[in-house]
Amino acid sequence: MHLRFSDEDEQFRVELLAWLEEHPPPIQEERDDPPHSSADKRPWAVQWQRTLFDAGYLVPGWPPEHGGRNANAVQQMIYFEELERRKIRRTTNPQGLSIVTPSLLDFGTPEQVEQLALPTLRAEISWCLGMSEPNAGSDLAGLSTRAVQDGDRFIVNGQKVWTSGAQDADWCMCFVRTTPLDQAPKHKGISVLAIPMSTPGIEYRPIAELTGPDYADTNEVFLTDVEVPVENLVGALNDGWRLAGGSLAHERAMLWINYAYDQKDTLEQLIAQAKERGTTDRGRDLIATAAIDEQALLALGYRGFAKFQKGQASPEHSILKLFGSEALQRTLLLGAEELGADGIDLDILAPSIWRSGSWAQQYLRSFAATIPGGTSEIQRNIIAERVLGLPRS
Ligand SMILES: Cc1cc2nc3c(=O)[nH]c(=O)nc-3n(C[C@H](O)[C@H](O)[C@H](O)COP(=O)(O)OP(=O)(O)OC[C@H]3O[C@@H](n4cnc5c(N)ncnc54)[C@H](O)[C@@H]3O)c2cc1C
């Protein structure tokens, strides 16, 4: 049994940390000039992403021409752990980097790779992801935004919702229905179009967040007779469902590292607060539970990763999103409760996991992690049916 990394993998860590020393991430710039949405290209963010790209540290597992250095899976895990430990963001357009780019590389034409994927990696363009609709969220296959081919273009009509960063994005990776529901099973009539957000007929309406009406990342997006050239079709016609599965899988692979380190940071703050202000027997119990959750998350993550490395099925990954997002939510709620009436004082700040704010604000924001990419209820269904083999009700 090996409980340590190989010399080669440790050397990767040494080189990464030395590089980070020489190229300090723009932490202060981010504080001074925060992005207004998840597709907002602030100058410091563009420069930092470009620096990572040029050094092969943007997506280390990919080849150098795609911003990587052909790092093996263990080295990629080391990379994500070291970045997360230091709360270093690679990009301010996570859906562009982690969902759209892998999809374009996997399914796009050589022209799309050249004209869309590479500029995204170099932070020259940003993306939003148009999947959800008012009547198609968990049941994405039910989407109804329609694209009708008319010669060398598609005409798109419909509405998207919860589209993160639509107000700042240059492009939208938009899931559309190309075969009507009465002519094909619903999974088989979906296609994907890359649509410039400046195209006439696109309007968006930001949805203010619960924790502050001055900040909105998600939007309603309305598409009226939007003309899209046929060469903007990503993947084959009516093959969008395969693309949806593939794109989201890229996003999920190493997400557990974020959950584990967010839980660790939050726990440290909670312990510091308890030492300073005191706590109750119940508080001590719950803080200990949060500490056990943190260890369980790490252990489960490593175990799933080890199985994945050996080519075995790793049901741990189905559990980690649910457990990680809910454990963090419980810990943030505990932080607010521990303060008693002060818990609703917005000036008593909690650890900054996403943006600054009080424990109560961070708790409310934590719901964002339990919904996208499969809600907690959907995750429970997946665990029950696919991991435990329970019958459908
Ligand atoms: C912060 C944030 C950012 C987002 N960003 C994007 C984005 O950029 N692009 C995009 O396309 N979408 C985005 N979304 C939307 C997200 O993908 C959807 O909210 C999610 O898929 C759930 O869909 P819904 O909101 O329509 O809820 P619904 O699917 O209508 O679900 C409503 C409730 O019913 C439950 N439910 C539904 N079906 C079942 C079932 N079969 N069994 C048990 N319970 C069920 C759900 O768990 C939920 O509690 C974002 C959402 C959030 C919160």
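Around the ligand there are 19 residues, and M131, G137, S138, T375 and E377 come nearest; a residue is near a molecule here if its C-beta atom, placed from the backbone, lies within 6 Å of it. Two elements, β1 (127-130) and α13 (376-387), each give two or more residues to this shell. Helices (H or I, at least four residues) and strands (E, at least two) are DSSP runs, numbered from the N terminus. By type, the shell holds eight nonpolar residues, ten polar and one charged. For this count, Ala, Val, Leu, Ile, Met, Phe, Trp, Tyr, Cys and Pro are nonpolar, Asp, Glu, Lys and Arg are charged, and the others, Gly among them, are polar.

Please keep in mind that this is a predicted model: local features need pLDDT of at least 70, side-chain atom pairs count only at pLDDT 80 or more, and totals for chains, interfaces and linings use all residues. Residues are numbered from 1 along each chain as its sequence is written.

**Domains and overall build**

The domain assignment gives domain 1 (7-121), domain 2 (127-238) and domain 3 (242-387), with bounds that come from an automatic or database domain assignment. Domain 2 and domain 3 both give residues to the shell around the ligand, so the ligand lies between them. The centres of these two domains, taken over C-alpha atoms, are separated by 30 Å. Nine residues of domain 2 are in contact with eight residues of domain 3, where contact means C-beta atoms, placed from the backbone, within 7 Å. On the domain 2 side that touches domain 3 there are six nonpolar residues, three polar and no charged.

The protein as a whole has 13 helices and eight strands. Its radius of gyration is 22 Å, close to the 21 Å from the globule rule for 393 residues, so the protein is as compact as a globular protein of that length. That radius is taken over C-alpha atoms, and the rule is 2.2 Å times the number of residues to the power 0.38. Along the principal axes, the C-alpha atoms fill a box of roughly 70 × 50 × 50 Å. Of the contacts with a separation of 6 or more, 68% join residues 24 or more positions apart.

**Burial, and a helix to look at**

Of the 393 residues, 39% count as buried. A residue is buried if 20 or more other C-beta atoms lie within 10 Å of its own, exposed if 12 or fewer, and partly exposed in between, with C-beta atoms placed from the backbone.

Helix α10 (residues 316-338) has 17 of its 23 residues buried, so this helix is largely enclosed by the rest of the structure. Its end C-alpha atoms are 31 Å apart, which agrees with the 33 Å that its 23 residues should span at 1.5 Å a residue; the expected span is 1.5 Å times one less than the number of residues. Just after α10, G340 takes a positive phi of about 65°.

| Residue | Location | C-beta atoms within 10 Å |
|---|---|---|
| K87 | loop between α4 (73-85) and α5 (94-107) | 15 other C-beta atoms |
| T179 | loop between β4 (171-177) and β5 (190-196) | 17 other C-beta atoms |

K87 has a positive phi of about 55° although it is not a glycine. T179 is partly exposed and touches A184, K188, G189 and N238, leaving aside residues up to four places away in sequence.

How values were computed
Two residues are in contact if their C-beta atoms, placed from the backbone, lie within 7 Å.
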